[in-house]
Amino acid sequence: MIPYRTELIDAVIGQSSFGIWDLLNKGSDPFGAPVRDAISAEDAIALLGKLKVPHISLHDIDVGLDPWLLTDPAAFQARVGVLQDALKAAGVGVWMYTPCEFHHPAVRAGSVTSNNADVRRLALRKLLTALDVADQFGASWVTMWLGRDGSEVDALIDSTVAYERIADAVSLACKYIKQQGYKVKISLEPKPNEPRGDIYVSTVGTALGIIGMLPADEQPMVGVNPELLQHEAMAGLNAYHAIGQLVAADRLAFLHLGGQTPLRYDMDHPFLGGNSDLKQSFYIMLAVAKHRPDCVLEFDCHPFRTEAGPDAREEFVLGNLEASGMMLAKATAFLAHPEVQQVLGSCDGRDFGIAADPATDFAAFIQAVRADALDADALAAKLNPQAQYLDRLVNLHLLGYL
Ligand code: GCO
Ligand code: MN
């Protein structure tokens, strides 16, 4: 085996996390049987501990804590204790805990958006339980990935009502967090489709729109974890713009990372894996390096189905860390490169930030803008955005020639 580049792994491991479902994944797909042996949740936690990954994220259903299946409170609490012991022994913390609102047949026509009020209450109760458990695990986030809340037949659910119900569910979660004095926050995860024909919380912009529907005091309790490349590339969207929008709105919770060929089903390939777009992946890390260097990088993907050997999971973890460490190093070096700095440094920094500064005389600013003797034709003639030059620098740098 070619040795992994430990210096690249070391660069990101401290801010890394893996969904436990990545490791439990046995490689089955709608067409084929499992190819990897089953491992227990405890084994998965121990594996990450052995590799010194500091965080893990859990679905209730992955770890035997589905409140719809385990209804005995004493047994439920005992299971929480067993997992706490396993986490402690491994030295791994829970980054995110999430109620699976997409697996059971009862939510096949939606969870919190279902037209059936009892299904909505069942989904809400599961969410409240997840908040309780997240608090016990000391998790930072509870993700609401509403993968079954969507449609194939739009006559079934009024789409206006659907978005009102989603905002209601998020708001109820915030109210419960406040009432209980929990520290955990809510994260929305957008995805355009799969498993539903169309999912309501489809894009980063949609998630931000839902946060905007919440009462003002609840909005800071909610963030967004985009899944890059997968969920953006599935819809042909731009991953760099997705992060930029969230950083600008101060709503970036953390990243779900993986690899994806654009406009396909959700491949969940490892980061940079398969036919993933290298430049989009570079731009993700450029945003991280520039704006959120300590952002948690959570891998939400799984080994290729070709990988069935006993080391497949370990190699998957190390491979993701190496690939993201490599891209982050590339992005950091790009930003620090003198030629890049020279081109970017020549950009005119003047902007409209003035409009957001309460100390500025807005009327005088508007007057100055109106009085500017700017001529569009003259500007167009001398404009030199240097896009092509920068693109060359990106390419030269990515391919090792800069
Ligand atoms: C997917 C999603 C899920 C969620 C997970 C956590 O496409 O399947 O990304 O993996 O991230 O359920 O909420
Ligand atoms: Mn995800």
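Me: Why is the pair Lys279 and Asp391 called a salt bridge?
Reply: A salt bridge requires a side-chain nitrogen of Lys or Arg within 4 Å of a carboxyl oxygen of Asp or Glu. The closest N and O atoms of Lys279 and Asp391 are 2.8 Å apart, so the pair meets the rule. Across the interface of domain 1 and domain 2, the rule finds one salt bridge. The model is predicted: local features need pLDDT of at least 70, side-chain atom pairs count only at pLDDT 80 or more, and totals for chains, interfaces and linings use all residues. Side-chain values use heavy atoms, without hydrogens and water, and residues are numbered from 1 along each chain as its sequence is written.

Me: What are the bounds of the two domains, and where do they come from?
Reply: Domain 1 covers 6–336 and domain 2 covers 339–398, bounds that come from an automatic or database domain assignment. Their C-alpha centres lie 37 Å apart. The contact (heavy atoms within 4.5 Å) takes nine residues from domain 1 and eight from domain 2.

Me: What makes up the buried area between domain 1 and domain 2?
Reply: Buried area is the accessible area (1.4 Å probe) that two parts lose on being put together, summed over both. Here it is about 870 Å², of which carbon and sulfur atoms give 68%. Lys279, Lys330 and Phe334 supply 63% of the area that domain 1 buries against domain 2, more than any other three residues.

Terms used:
Chains are lettered from A and ligands numbered from 1 in the order in which they are written.
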